[in-house]
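User: Hey, I've just opened this one and I'm new to it. Can you walk me through what's there?

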Amino acid sequence: MSWLTRLARTFRSRKLDDELDEELRFHLEARAVELAEGGLAREEAAREARRRLGGPLALRESSRDVKLIPWLDSVARDVQFGVRVLRKDALVTWAAIVSLSLAIGACTAAFSVI
């Protein structure tokens, strides 16, 4: 898989999640059908297929690491979370921005005088 594809998928992670869920369902169903043809009852075959395949969350996360750039995906999720939190309380956000800009401006002015 090329780096360009992995980079593009990093920013379209919802589509990737849907594809991974569909792929996981396909493998579970295929394994269950295979086990049912081997002589297990339908419900028992589905349960055994889930047991053999492993936990869906762990499989999804390991697949995401292969199909994405993990550190960039982590940074993108952190930025999304930060923006959500900042948007949640606008007054505190603006107070922080104003205080930081005043502090940076004061330091710049002091160092330019010196």
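This is a predicted model: local features need pLDDT of at least 70, side-chain atom pairs count only at pLDDT 80 or more; totals for chains, interfaces and linings use all residues.

User: Good to know. How many helices and strands does the protein have?

Analyst: There are 6 helices and 0 strands. Going along the sequence, the pattern reads α-α-α-α-α-α.

User: And how much of the protein is buried?

Analyst: Of the 114 residues, 17% are buried. The accessible surface is about 9100 Å², and carbon and sulfur atoms account for 63% of that.

User: What about contacts between residues 24 or more positions apart, what share do they have?

Analyst: If you take the contacts with a separation of 6 or more, 66% of them are between residues 24 or more positions apart.

User: Why does W71 count as exposed?

Analyst: Because W71 has a relative accessibility of 59%, and the cut-off for exposed is over 50%.

User: Switching topic: pockets. What's the volume of the second largest pocket?

Analyst: The volume of the second largest pocket is about 150 Å³. Its lining has 10 residues, and the ones nearest the centre are L20, E23, L24, L59 and S63.

User: Which elements give two or more residues to that lining?

Analyst: Those are α2 (13-37) and α4 (56-67). The largest share comes from α4, with 5 residues.

User: Nice. Now salt bridges, how many does the count come to?

Analyst: The count comes to 3 salt bridges.

User: Let's go through them. Where do E44 and R47 lie?

Analyst: Both are in helix α3 (residues 42-53), 3 residues apart, which is about one turn of the helix. The side chains of E44 and R47 form a salt bridge, at 3.6 Å from N to O.

User: Are those two buried, exposed or partly exposed?

Analyst: E44 is partly exposed, with a relative accessible area of 32%. R47 is partly exposed too, at 45%.

User: And what does the side chain of R51 meet?

Analyst: R51 meets E48 in a salt bridge, 2.5 Å from N to O. These two are in helix α3 as well, 3 residues apart, or about one turn of the helix.

User: What about E48 and R52, how far apart are they in helix α3?

Analyst: E48 and R52 are 4 residues apart there, again about one turn of the helix. Their side chains meet in a salt bridge at 3.1 Å, N to O. Salt bridges with shared partners join E48, R51 and R52 into one network.

User: So which of those three is buried and which is exposed?

Analyst: E48 is buried, with a relative accessible area of 13%, whereas R51 counts as exposed at 58% relative accessibility. R52 counts as partly exposed, at 46%.

User: Why does E48 count as buried?

Analyst: Because its relative accessible area is 13%, and buried means under 20%.

User: What is E48 in contact with, leaving aside neighbours within four places in sequence?

Analyst: With that set aside, E48 is in contact with L35 and L40.

User: One more residue: where is A46 found?

Analyst: A46 is found in helix α3. At 24% relative accessibility, A46 counts as partly exposed.

User: And how far apart are A46 and V33?

Analyst: In sequence, A46 and V33 are 13 residues apart. In space, the distance is 8.1 Å, C-alpha to C-alpha.

How values were computed: Residues are numbered from 1 along each chain as its sequence is written. Side-chain values use heavy atoms; hydrogens and water are left out. Buried means under 20% relative accessible area, exposed over 50%, partly exposed in between (1.4 Å probe, protein chains only). Contact means heavy atoms within 4.5 Å. Accessible areas come from the Shrake-Rupley method with a 1.4 Å probe; for residues, only the protein chains shown count as cover. On a 1 Å grid over the protein atoms alone, a cavity is a set of points where a 1.4 Å probe fits but cannot get out, and a pocket is an open set with protein on both sides within 12 Å along at least five of seven lines; lining residues have an atom within 4 Å of a point. Grid points are joined across faces, edges and corners, and a volume is the space filled by probe spheres set on the points. A salt bridge is a side-chain nitrogen of Lys or Arg within 4 Å of a carboxyl oxygen of Asp or Glu.
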